[in-house]
Amino acid sequence: MKNNKVTQPIYLDYMATTPLDPRVLQKMLPYLGSVSNGIFGNPSSNHYYGYHAKEGVEEARAKVATLINCDPKNIIWTSGATEANNLAIKGAAGFYNRQGKHLITCKTEHKSVLDPCKYLETCGFEVTYLTPETDGLINLNKLEQAFRQDTILVTIMQANNETGVIQDIAKIGELTRAKGILLHVDAVQSAGKIPIDLQKLKVDLMSFSGHKVYGPKGVGALYIRSQPKLHLIAQIHGGSQEHELRAGTLATHQLVGMGEAFHLASKEMTEESDRLLFLRNKLWHGIKNLGNIHLNGSITNRIANNLNLSFDDIEGELLLSALKDLAISHTSACIKGIEPSYVLKAMGISSKLALNALRISLGRFTTEKEIDTTIKHINHVVMTLRRS
Ligand code: PMP
């Protein structure tokens, strides 16, 4: 057991994961319960217990669909966004390879997009990795120039997990649809933070994760456009669940949790974003006068909860260990060890600044008092390190 008296660092790493919202936990608990509550069944079973579990699963599917304005039947459950990205990219490449073997992505994508692309290169596909501008945004002319006769898929994330930079998915969708190229979007870091309307966006595939939206880890979803029908080759075989696109017993409690998390986001997103923007800006104004400090990535096209900054004269590793009262990170939690962030390097930021980068991300449970303490702490630590 952890000693609760030990002061925990202030949690400012909401882009790595979010804690479960207690309201989500309450919704999940009965599904982990005993035989007496009648909802523990396998949602695929054709009896009372199965039907009751399935009700929870379908209610959750509808809640996810509501946040992004799509039909629930277009949502496929997965074990997380890593699996959703794999299913979208390898699944589309597997089905449409007779039409072409060229894909386009960006160097600043998450590893769960880049690695499936790299894998496809070993299977005879060609991938163009776009270099973003210095603010992290993709130049749409460069995207258009990369289109080829044999391009079958463009995969571009909506909000970056290190910088929070938001790409113009509406415009990208116009370009890909006009050419008949599929568009997959990793929306892990944008869902529940900015409005997503799949009736308007010309997106064919979109990936989501539960644990970035105050839901549980180990659950995600893939939106698959159905009109006209889009085909994917399943990546997991072994059962007829999820229209044979994703075999495996549905993890009812996880799905119910993700559904509730997305439902809360639908209700609270606008107010929450305003509050986080205020706190994020307060934090930035409270530290920027320290000087020799760079804000990495566009400040305007950016998710409200993110700051990514580098000090010219202080090593990232040293700073991170001195800021031990804060739980913040260097890059993505999916990257091992301290190395210059490939995301920042792709934006043309020097290796030194990329190595010195700190990602600070705020969330639902961040208080103004915590931000005030964080400002004081960073000022104190930076000034002390500079004197030593
Ligand atoms: N894409 C992005 C942008 C992410 O930030 C993450 C999580 N770090 C993932 C995909 C993978 O999501 P999951 O943890 O659900 O597999």
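Predicted model: local features only at pLDDT ≥ 70, side-chain atom pairs only at ≥ 80, totals over all residues.
Let me start with the second largest cavity, which is lined by T108, E109, G136, M157, N160, T163, V165, Q167 and M347, and which holds about 50 Å³ of space. A cavity here is a set of points, on a 1 Å grid over the protein atoms alone, where a 1.4 Å probe fits but cannot get out, and lining residues have an atom within 4 Å of a point. A volume is the space filled by probe spheres set on the points, with grid points joined across faces, edges and corners.

Residues are numbered from 1 along each chain as its sequence is written, and side-chain values use heavy atoms, with hydrogens and water left out.

The largest cavity has a volume of about 150 Å³, and of the 19 residues that line it, the closest to its centre are G192, K193, Y214, E272 and L276. Where does the largest cavity lie? It lies between domain 1 (22–264) and domain 2 (269–387), because both give residues to its lining; these domain bounds come from an automatic or database domain assignment.

Turning to the ligand, a nitrogen atom of the ligand is 2.6 Å from an N or O atom in the side chain of D186, whereas polar side-chain atoms of Q189 and of H211 each lie 2.8 Å from an oxygen atom of the ligand. Taken alone, the ligand exposes 390 Å², and the protein buries 89% of that, with accessible areas from the Shrake-Rupley method and a 1.4 Å probe.

Notes
1 Å grid on protein atoms, 1.4 Å probe; cavity = no way out; pocket = protein on both sides within 12 Å on 5 of 7 lines; lining within 4 Å. Polar contact = N/O pair within 3.5 Å; in protein donor to acceptor, adjacent residues only side chain to side chain.
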